Amino acid sequence: MEDTRFKKLIAEAPPEEPARQYYFMEQVRRLVEIKKKSGYEALFKVEVIGCQMSARDGEKLSGILTNCGYTPADSVDHSDIVLFTTCTVRENANERLYGRIGRLKHQCAARDGMILGIAGCMMQEKDEAELIRKKYPYVRLIFGTHNVYKLAELLFEALWKDARIMEVLPDSSLIVEDLPSVRKYPFKASVNISYGCNNFCTYCIVPYVRGREKSRNSSDILRECEKLLGEGVIEICLLGQNVNSYGKDLAEDMDFPTLLSNVAELQGLKRLRFMTSNPMDFSEELITVIEKHPNIERHIHLPLQSGSDNVLRRMNRRYTKESFLKLAHKIRERIPGISLTTDVIVGFPGETEMDFQDTLDVLRTIHFDSAFTFIYSRRTGTPAASWEQVPDDIVKDRFARLMATVKQCSRENEGLDIGKTMEVLVEEADKERKGFLTGRLSNNILVHFEGPSSLIGQMANVRLVESRDFYYLGVAASDQA
Ligand code: SAH
Ligand code: SF4
C-alpha cells in the first residue's frame, strides 16, 4: 500500500524543472509536518568545505531545505539533517571531510531519523563516493555537483522509504533556474554565471568533477541580480571557474565584458566583484569595462600558478611569464589603486629550482597584495598525477621560501592608503574589538573602525589611520570634525 502510494506520488510529479522540485519540496513538507507530531524537530545545518562555488551550492541546499519545512540549527549537534558540500581540489580538503563525518557517527546512531548527507565535488570522484558508501553506512544521502537542484526529490525518497539514497551523475547540460536560496548576508550575494570548466589545467580536478563549461543565459543572470537588488543586496559577486570564457557556449552573442557592464549598470548596485579570471583570456575590453564602472571592485584575482614558461606550458595554462607580467602592468597602469591577488602552486611535477626562481621573480616584480600559496596535490585522473613528482623535502623548502617572499611583498604594499578617506562596505561587528565594525574597501582590504551596528550592510566613509597585518584601522568620516 505504502509502496503504491509512493509510486503514485512520483508519477504525479511534473516532469519539467523547477516545477518538479517545488512539487517535491511540498511533498517533503507534508512528511515533515507528520513527523513533527512525534517530536521531530526538523533542524538542519549545511556545512561548506571549499571555494565560493561550493558555498553557493550550500546556499541552494539551505534554500531547498528551508522550503521543505526545515529550520536552520545553531550547530551540527542539534540537527536532524546535516549536509556537507565538499571540495576535492587538494587532498587536505578530502581529509577534512573524513574528520568531520567521523565525529558525527555517534550522533547519527543516537538521533532518531537523523540524515547525514554528502554532496559536491568529492562525491563526483568514483573512489571517494564508493569509500563513503562502503565504509560509512551512516551517511544516508550521497549526491554530486550536477544534481544539487534535486535535493528535495532525493530527500523525499530517503524520508519515505527510510532508505539510503545515492545518485551521482557523470555530467549534465541542465541548468535549473529559480530555485530557492538562503544567503549568509542579506546585503551581499554570489551569482553563478557559468558552471564547470573546459581548460583542463594538468594539475586540476575541477573539469572532471564539475563537468564541461555551461554558461547561464544573460537574461537569467540579470533577472537574478535585479531580484537580489530588490531584496536589499548591494554587493554582487559573479562566479565562474573562468569568467573570461563566459558566453562562448551560448547561442546569444554575449561575452563577459558585456555581461559585467550590464550588471554594473543595474540600479542600486554599489559593488560588483567577479571570480575567477584566467590570465589566459583576460581581454582589453574587460579592462575598459572595469575602468568605466566605479562600482566594479578595484580588485582582481589573477592566478599565476607558476612564473616559469616551462611549468606553465606543462600546466596547460596558455600564457607565459612575459604575457602575465605585461597584463598585470597594463591593469595597474589603466586602473590606479587596483589590488591584485593571486594563487601559486609550488612543487608541480618536474619543477626545478630555476622554475621556482621564475615564480619568485614574478612575485617580486608584481608585488601582489596577497597570494594564496598551495603545495601541489596529486589528483587521481589528472595528467600531472602520473608525472615524476618533486621530492617532499624540496617542496617543503620551496614552500617556506615562497611564503617568506609573499609575506615580504605584501608587507611592502601595506599602508599605502593611510590618511585617505575611502568607502567601506560594512559587513559585521568586529569579532575582537567591542563597539567596532568590520568592512571592506573596494580593493577587498579589511577595515576595522568604531561605529554603530546600524551601519552593517551599508556603505560608510572611513578615514584610514593605521595599518596592521593586512588590514586598516580607521575612523568614520563623520566622526572626524
Ligand atoms: N578556476 C580557478 C581555480 C579554481 S581551483 C582558476 O583557474 O584560477 C583554486 C586554486 O587551487 C587554483 O588557482 C590553484 O592554485 C589551486 N589548485 C588547483 N588544483 C591544485 C592541485 N592539484 N594542487 C595544488 N593546488 C591546486
Ligand atoms: Fe582548474 Fe584550470 Fe579550470 Fe581553473 S581553469 S578550474 S585551475 S582547470
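Me: Which strands each supply at least two residues of the shell around ligand 1?

Reply: This is a predicted model, in which local features need pLDDT of at least 70, side-chain atom pairs count only at pLDDT 80 or more, and totals for chains, interfaces and linings use all residues. Residues are numbered from 1 along each chain as written, chains are lettered from A and ligands numbered from 1 in the order written, and side-chain values use heavy atoms, without hydrogens and water. Strands are DSSP runs of E of at least two residues, and helices are runs of H or I of at least four, numbered from the N terminus. The strands that each give at least two residues to the shell are β13 (339-346) and β14 (370-375).

Me: How many residues surround ligand 1, and how many of the shell are charged?

Reply: A residue is near the ligand if one of its heavy atoms lies within 4 Å. There are 15 such residues around ligand 1, the closest being Arg-90, Gln-241, Gln-305, Asp-343 and Ser-377. Ala, Val, Leu, Ile, Met, Phe, Trp, Tyr, Cys and Pro count as nonpolar, Asp, Glu, Lys and Arg as charged, and the others, Gly among them, as polar. By these classes the shell holds 7 nonpolar and 4 polar residues, and the charged ones number 4.

Me: Which residue has a side-chain N or O atom 2.7 Å from an oxygen atom of ligand 1?

Reply: Nitrogen atoms of ligand 1 lie 2.8 Å from a polar backbone atom of Gln-241 and 2.8 Å from one of Ser-377. The oxygen atom at 2.7 Å faces the side chain of Gln-305.

Me: What is the order of strands in the open sheet?

Reply: Two strands pair if DSSP finds at least two bridges between them. The edge strands, each pairing on one side only, are β7 (188-192) and β11 (271-275). β7 pairs in the parallel sense with β10 (residues 235-239) over 5 bridges, and Ser-190 stands opposite Cys-237 in β10. The order of the 3 strands is β7-β10-β11.

Me: In what order do the strands of the closed barrel run?

Reply: The barrel has 5 strands with mixed pairing. Strand β15 (residues 421-429) pairs with strand β18 (residues 459-468) in the antiparallel sense over 5 bridges, and Val-424 stands opposite Ala-460 in β18. The order is β15-β16-β17-β19-β18.

Key:
A polar contact is a pair of N or O atoms within 3.5 Å; within protein, one must be able to donate a hydrogen and the other to accept it, and residues adjacent in sequence count only if both atoms are side-chain atoms.
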